[in-house]
Structures are given as structure tokens and as C-alpha cells.
Amino acid sequence: MSDSQHIDTILQHAGTARFDPETGVAPVNQPAVRASTVRFRDLSALEDAYRRKSAGERAITYGRAGMETHLALETIFKQLEGGTHCYLSSSGMASNTLVFLALLSAGDHALVADCVYGPVRELHDAVLSRMGIEITYFSPEADLESLVRPNTRLLYVESPGSLLFQMLDMPALADFARRHGLVLATDNTWGSGYVYRPLQLGAQVSVIAGTKYVGGHSDLMLGAVITNDDQLAKRLSRTQYALGYSVSADDVWLALRGVRTMPIRMTQHARNAMAVCEWLATRPEVSRIYHPAWRHDPGHALWQRDATGSNGMLAVSLKLAPAAARRFVEALQLFGIGFSWGGYESLVQLITPGELSKHTYWQEGDLAAVRLHIGLEDPKDVIADLEQALRAAAST
């Protein structure tokens, strides 16, 4: 493959099965290779594998690290993100955990954007705090210089942010991290390496929940951590092994199958979401649309500068009382009520006041807020469903 090839082309050819040297035949799709125990040709092969593993390289010493199937997916994640090392985990949250445990020690301090994935807060409350690791949550408008401590080691963000999709200035954050000797890590599930590439914008570590757009069919759990820093790779590799992380070959195979169609799926999700935004903008019940590709979003200029596309995620604030907002969500017929996204289907989540209170980006007081994932249904049908649900809410 050529470096000049488009990512759409690369995704169709990266990580494909090798030809059998005897028969000259290879399957189109990499098969799911399952293994617990692995054999070594001789002691030299075993010793070489451990040498490469200790250097942070990809080396198989036990089935837990995965075989050819896992290697194929790791290769694709590296191509997506422009990274040099990839470490798989059983979920996106497990990948977040890997980053924090690999890059922080007892007594360390981290700066974390207040728009990050909600369970990161639970990780701190339930685990990191017991280890003596402190976290300060900040808004993008905060004076970060005043928040840095002598023991600050990590700057952890998510862009666009979880729930409300605010764009962060990644190059500016990268410059700040470099000046203070911090590692900049980010959750990039929204962009999944296809429409947003934070490693190219200065981040050193990127996390993707392959559960979402990489899988694309709401039938697998998987995460990945990608870096382009050799020293950080050693720490991530050692921590991944020590924690016993493992992903089934079947889930990896499903992700391989899904990622081949991610370009056309994400493009269609984005097109459908924009059609919904255009319609929502005409509705008197709508106070604001939260979607960085939407031209009136405050982060639109950053999105235009740093992203190459969008997806089906958006949030909307509604001028509805709590009971009417619940009625709106439950009246939807094409939307499943659920917390995930990135599959082919439309989903809705009523965002609670408690969740909104953690986001300084939220400036709309007691208004109701819902997060919508616009799926691959015909957008006219999705809009008709939203319209009838708003009518039902008005009757509450």
C-alpha cells in the first residue's frame, strides 16, 4: 500500500490474510484464529518474542495476546490513527482504564476535560482515588496554567465531548502539554480515526471504542489504545499484559468485518444526521442543536479545521417540561432507548440533569436534553418519527 492512498482504499486492504506459501491461496477476509497456548519453533524463537515484547513491540508469547486475527485489527487501527503501536482491550472503557493505569502512579495528578465519557469519573472514584491518584476536571475555557501541579503527569480529553459534542482545540492542548511535560491522551471514539485523527493534531495516545462505528452492528465489545510514542508504548504494553487483557478472536473478526464498510456507513450516518439537524432547526420546541458539523454550532470552525467528516451523533435541548420530555422519548418508534451508538440503528437517550451538571458546556438550565444517534434508516422516516413524538409530547 502507498502512503498516498486514500484511507477508504487502505481500509479495504490493510490486515488481509497472507497467501499460504505452499498452495498460493488466501481467504479474502482474515479468519478468526483462536488460541490459548502457542508453540515456538525453538528456544531462539521464544527468546526473540520476549525480547520484542519487552521493547513494546507486537509479539506473541501466549494466546491472550491474540494471533493473526488480532494482528490484522491492530494494523487497521494503526492505519486509521496514524500510529505505530496498538493495544486491544475488551471494551472502550477498558482501554480508558489501560491508559490511566499505564501512565499514572500513586501520588500523580491528572487534568481531565469535564466533557469526557461519564464512566471515567467512576474509574477515578472507585479505583484511582484508592491508589492515591488525583484528578482535576476542567472546562475548555479554564486557565489550565493555574491547574498544573508539580505532580501533574497526564492531560486526558475527549473531542468532540461526550453527550454534548463540544470541539476542543487539540493542537493548542498539545502545545500546552508539551510545554509542561504532560502526556496528552484523548478518547477518539467519535472520530474513530476515520473522520478525526488526534495523533496528527499533537496527541500522543488515542483511545477508540471499537464497539461503536468500527464494529457498526451493535454486536461486539472492543477497545483499542493507539500511540506513536515508543516510550509510552512500552508502558502500555507492559500494563496491558499485567492486567490480563484479552479479546476473543470472534469479536476481533466481527470488528474486522465491520471496519471494511465504516467509510460508507459513517458518511451516510453523517448525511442523515445533517438532514435531521436541518429539520430540527425549524421546530419551535428546539432551543439548540449540539453537533459540530452543524453550521451554527459554536465548535463548527474547529470541526472544519481539524475533522474530515462527521457521524450520526447529535444532542438537542428541548423547551419541554420533564414529563413531556419523557413522553417524547417513549413515543419514538424508530429509535431504541439505549446508551450506546455507532450501530446501524437510531438510538435516543434522555440526558439527566445530574449528567448535564457535570458539563460546563451546558448553559441551558432546566431545559430537557436528549442525545440522538441517527441511524441508517431513511431520514424522511426518522424525521416523521421525531415529528409525531413531538406532537405526543405536546399533548402531555
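**Entry 1: Arg41 and its partner**

I looked up Arg41 and found a relative accessibility of 72%, so Arg41 counts as exposed. The model is a predicted one. I then checked the side chain of Arg41 for a partner and found a salt bridge with Asp42, at 3.4 Å from N to O. Asp42 has a relative accessible area of 34%, so I noted Asp42 as partly exposed.

**Entry 2: a pair in helix α2**

Next I looked at Arg52 and Asp48, whose side chains meet in a salt bridge of 3.0 Å, N to O. How far apart are Arg52 and Asp48 in helix α2? I counted four residues in α2 (residues 43-54), which means they are separated by about one helical turn. An α-helix has 3.6 residues a turn, so residues three or four places apart point the same way. I wrote down a relative accessible area of 23% for Arg52, so Arg52 is partly exposed. For Asp48 I wrote down 29%, so Asp48 is partly exposed.

**Entry 3: Arg305**

I found that Arg305 forms a salt bridge with Asp169, with the closest N and O atoms 2.8 Å apart. The side chain of Arg305 also meets that of Asp306 in a salt bridge, at 2.8 Å from N to O. Is Asp306 buried or exposed? Asp306 has 11% relative accessibility and buried means under 20%, so I noted Asp306 as buried. Arg305 is at 47% relative accessibility and so counts as partly exposed. I also noted a network in which salt bridges with shared partners join Glu145, Asp175, Arg178 and Arg179. In total I recorded 16 salt bridges in the structure.

**Entry 4: two domains**

I looked up the domain assignment, which gives domain 1 as 7-257 and domain 2 as 261-394. Taken over C-alpha atoms, the centres of domain 1 and domain 2 are 28 Å apart. I noted 35 residues of domain 1 in contact with 40 residues of domain 2.

How much area is buried between domain 1 and domain 2? The value is about 3300 Å², and carbon and sulfur atoms give 65% of that area. I asked which three residues supply more than any others of the area that domain 1 buries against domain 2. They are Leu163, Leu164 and Tyr213, which supply 27% of that area.

I then turned to polar pairs and found 11 residue pairs in polar contact across the interface of domain 1 and domain 2. Helix α1 (residues 7-13) gives the largest share of the side of domain 1 that touches domain 2, namely three residues. By class, I listed 17 nonpolar, 11 polar and seven charged residues on that side of domain 1. One salt bridge was found across the interface of domain 1 and domain 2.

**Entry 5: Ser162**

I placed Ser162 in the loop between β4 (152-158) and α6 (170-179). The relative accessible area of Ser162 is 10%, so Ser162 is buried. Not counting residues up to four places away in sequence, I found that Ser162 touches Cys115, Val116, Tyr117, His359 and Arg371.

**Entry 6: Trp341**

I found Trp341 in the loop between β10 and β11. Trp341 has a relative accessible area of 10%, so I noted Trp341 as buried. Which residues are in contact with Trp341, leaving aside its neighbours within four places in sequence? I listed Thr189, Trp190, Lys212, Tyr213, Met313, Leu347, Arg371 and His373. I also compared Trp341 with Gly161, 180 residues apart from Trp341 along the chain, and noted 14 Å between their C-alpha atoms.

**Entry 7: Ser346**

I placed Ser346 in strand β11. Ser346 is at 1% relative accessibility, so Ser346 counts as buried. A polar atom of the side chain of Ser346 lies 2.8 Å from the backbone nitrogen of Gly375. Leaving aside neighbours within four places in sequence, I found Ser346 in contact with Leu334, Phe335, Gly336, His373, Ile374, Gly375, Glu377 and Val382.

**Entry 8: helix α11**

Last, I looked up helix α11 (residues 322-331). Its buried residues are Ala324, Ala325, Phe328, Val329 and Ala331. What do the buried residues of α11 pack against? I noted the strands β9 (313-318), β10 (335-337), β11 (346-351) and β12 (368-373), together with helix α13 (379-394).

Technical notes: Residues numbered from 1 in each chain as written. Predicted model: local features only at pLDDT ≥ 70, side-chain atom pairs only at ≥ 80, totals over all residues. Heavy atoms only, no water. Domains from an automatic or database assignment. Contact = heavy atoms within 4.5 Å. Buried area = accessible area lost by both parts, 1.4 Å probe. Salt bridge = Lys/Arg side-chain N within 4 Å of Asp/Glu carboxyl O. Polar contact = N/O pair within 3.5 Å; in protein donor to acceptor, adjacent residues only side chain to side chain. Helix = DSSP H or I, 4+ residues; strand = E, 2+ residues; numbered from the N terminus. Nonpolar A, V, L, I, M, F, W, Y, C, P; charged D, E, K, R; others polar. Buried < 20%, exposed > 50% of the residue type's maximum accessible area, 1.4 Å probe, protein only.
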